[in-house]
Amino acid sequence: LAVLLLALLSGLPLPLAAVQILWINIVTEGTVTVNLVMDPPDGDEMQRPPVPRDDALISREMLARVALMTPTIVAVTFGWFAWRLGSMPIDVVRTETFTVLAMCQWFNVLNCQSATRSALRFGVLRNRWLLGGLTLSVLLQAAVLYAPPLRELFHTAPVPLGDLLPMVAAASLVLWVEEARKLFVRARPRRHAQPA
């Protein structure tokens, strides 16, 4: 919504088709986010302070992460759209923007495995459900880009393989921003639970 709103306020064409938004919300996210619940324990649960019984489901830390990740994803997606708009046909730019947004979701699901542990420890390999979901999501996105019947349905154009690497690099900013936040959190002194 923020990406669409920015485009409207800037007087630019819409960066995503309606069917592409549905695809992102239902398929790209649906194939990966549900699988996060299958993550195995980290192993340090007994060293953490106990969670209060009246603790909010959505904590301040979670809201802070959302407040950081949302502008990052919007900046990457809208930035790619605005940068490519003058040099490429609109259908290609929309397809690339659509794919960059999907890639941002893939990187962000790696972020969401832990609020403090680095995703660069490849924790995704410990969760075969999440790894399978990511693989399925990538294959489905590829089908939308390169299978002619799906291209017509989703208003996409084939993206040259050489253009995918810069798109991955741009979308990976979502990972690096969260990695910087986690590094900061890990560097802070820990508050230990008070003895009962």
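Reader: Hi! How many aromatic pairs does the structure hold?

Author: Hello! The structure holds three aromatic pairs. Do keep in mind that this is a predicted model.

Reader: Good to know. How are the rings of Trp 23 and Phe 154 arranged?

Author: Their centres are 4.8 Å apart and their planes meet at 70 degrees, so this pair is edge-to-face. Trp 23 belongs to helix H2 (residues 18-28) and Phe 154 to helix H6 (residues 148-154), so the pair links distant parts of the chain, 131 residues apart.

Reader: Are those two buried or exposed?

Author: Trp 23 and Phe 154 are both buried.

Reader: Nice. And what about the rings of Trp 80 and Trp 83?

Author: That pair is edge-to-face too, because the planes are at 75 degrees, with the ring centres 5.2 Å apart. Both residues lie in helix H3 (residues 60-85), three residues apart, which is about one turn of the helix.

Reader: Is Trp 80 buried or exposed, and how about Trp 83?

Author: Trp 80 counts as buried, at 7% relative accessibility. Trp 83 is exposed, with a relative accessible area of 57%.

Reader: What sits over the ring of Trp 83?

Author: The charged end of Arg 84 does, 5.5 Å from the ring centre.

Reader: Let me switch to H5. How many residues has it, and how far does it reach?

Author: Helix H5 (residues 128-146) has 19 residues. From its first C-alpha to its last it reaches 27 Å, close to the 27 Å expected at 1.5 Å a residue.

Reader: Which residues of H5 are buried?

Author: They are Leu 130, Gly 133, Leu 134, Ser 137, Gln 141, Val 144 and Leu 145. Looking down the axis of H5, these buried residues fall within an arc of 110 degrees, so they line one face of the helix.

Reader: Why would residues three or four places apart point the same way?

Author: Because an α-helix has 3.6 residues a turn.

Reader: New topic: where is Ser 114?

Author: Ser 114 is in the loop between H4 and H5. With a relative accessible area of 12%, Ser 114 is buried.

Reader: Which residues does Ser 114 touch?

Author: Leaving out residues up to four places away in sequence, Ser 114 touches Arg 65 and Lys 182. A polar atom of the Ser 114 side chain also lies 3.1 Å from the backbone nitrogen of Thr 116.

Reader: What is the phi of His 155?

Author: It is near 55 degrees, a positive value in a residue other than glycine. Most residues other than glycine have a negative phi. His 155 lies in the loop between H6 and helix H7 (161-171).

Reader: Last one, zooming out: how many helices and strands are in the protein chain?

Author: The protein chain has eight helices and zero strands. Its C-alpha trace spans about 65 × 35 × 30 Å along the principal axes, and 38% of its 196 residues count as buried. Among contacts with a separation of 6 or more, 78% come from residues 24 or more positions apart.

Technical notes. Residues are numbered from 1 along each chain as its sequence is written. This is a predicted model: local features need pLDDT of at least 70, side-chain atom pairs count only at pLDDT 80 or more; totals for chains, interfaces and linings use all residues. Side-chain values use heavy atoms; hydrogens and water are left out. Rings of Phe, Tyr and Trp (its six-membered ring) pair if their centres lie within 6.5 Å; planes under 30 degrees apart count as stacked, over 60 as edge-to-face and the rest as tilted. Helices (H or I, at least four residues) and strands (E, at least two) are DSSP runs, numbered from the N terminus. Buried means under 20% relative accessible area, exposed over 50%, partly exposed in between (1.4 Å probe, protein chains only). A charge sits over a ring if NZ of Lys or CZ of Arg is within 6 Å of the ring centre and within 35 degrees of the ring normal. The expected span of a helix is 1.5 Å times one less than its number of residues. The arc is that of the directions from the helix axis to the C-beta atoms. Contact means heavy atoms within 4.5 Å. A polar contact is a pair of N or O atoms within 3.5 Å; within protein, one must be able to donate a hydrogen and the other to accept it, and residues adjacent in sequence count only if both atoms are side-chain atoms.
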